[in-house]
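Dear colleague,

Here is the structure I promised to pass on. My notes follow below it.

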Amino acid sequence: MLLNDFYRIDDMASQIVEGKTRIAVSLVIDKSHTIFKGHFPDMPVVPGVCMAQMIKEIVQLQFGKSFFISSASNMKFLSVLNPEENSEINADILVASNHNALEIEGKLFSGSVIFFKMKALLTDLSQD
């Protein structure tokens with residue numbers, strides 16, 4: 001898990017909107033994390049896999065279960081996320097139940113700048 005190592009959550013709220021759970025999160029990326037020594041020296045960039053993992057971990061925290069990304073119909077990397085320029089960012093995630101899985105639409109952003117968007121299916125690890 002990246003939570004409380006690579007990033008921390010400063011605030012997290014959820015509400016039900018038209019039968020779906022909307023999760024709004026303020027988070028802070030640790031701009032001194034060792035991952036940035038290799039990704040990339042002199043120009044740190046949050047890896048795309050870390051952005052997807054952050055969204056998945058937020059959903060896991062909200063629902064108190066472990067999930068894996070069983071499919072991702074859409075992942076878009078829209079802007080470079082440099083933690084030295086944008087260490088404080090937001091996540092907005094919309095979640096709908098689908099049998100033993102969750103359909104999610106999530107994004108990481110700061111103000112009007114969207115860094116990452118994804119649509120995915122998260123499957124409960126406790127289900128076979």
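In what order do the elements of the protein chain run from the N terminus on? The order is β-β-α-α-β-β-β-β, and the secondary structure comes to two helices and six strands. Helices (H or I, at least four residues) and strands (E, at least two) are DSSP runs, numbered from the N terminus.

Before the rest, two notes on the source. This is a predicted model, in which local features need pLDDT of at least 70 and side-chain atom pairs count only at pLDDT 80 or more, while totals for chains, interfaces and linings use all residues. Residues are numbered from 1 along each chain as its sequence is written, and side-chain values use heavy atoms, leaving out hydrogens and water.

Overall form

The protein chain has a radius of gyration of 14 Å, which agrees with the value near 14 Å for a compact globule of 128 residues. That radius is taken over C-alpha atoms, and the globule rule is 2.2 Å times the number of residues to the power 0.38. Along the principal axes, the C-alpha atoms fill a box of roughly 45 × 30 × 25 Å.

Of the 128 residues, 40% count as buried (under 20% relative accessible area, with a 1.4 Å probe and protein chains only). Among contacts (heavy atoms within 4.5 Å) with a separation of 6 or more, 61% come from residues 24 or more positions apart.

The chain exposes about 7,100 Å², and carbon and sulfur atoms supply 48% of that area. The areas come from the Shrake-Rupley method with a 1.4 Å probe; for residues, only the protein chains shown count as cover.

Two residues in strand β4

Strand β4 covers residues 88–98 and includes D92. D92 is buried because its relative accessible area is 17%. Its side chain makes a polar contact of 3.1 Å with the side chain of R22 (a pair of N or O atoms within 3.5 Å; within protein, one must be able to donate a hydrogen and the other to accept it, and residues adjacent in sequence count only if both atoms are side-chain atoms). Leaving aside neighbours within four places in sequence, the residues in contact with D92 include R22, I23 and E105.

I89 is also found in strand β4. With a relative accessible area of 1%, I89 is buried. I89 lies 5.0 Å from S110, C-alpha to C-alpha, although the two are 21 residues apart in sequence. Beyond four places in sequence, I89 touches S110 and F115, among others.

Regards

Terms used. Buried means under 20% relative accessible area, exposed over 50%, partly exposed in between (1.4 Å probe, protein chains only).
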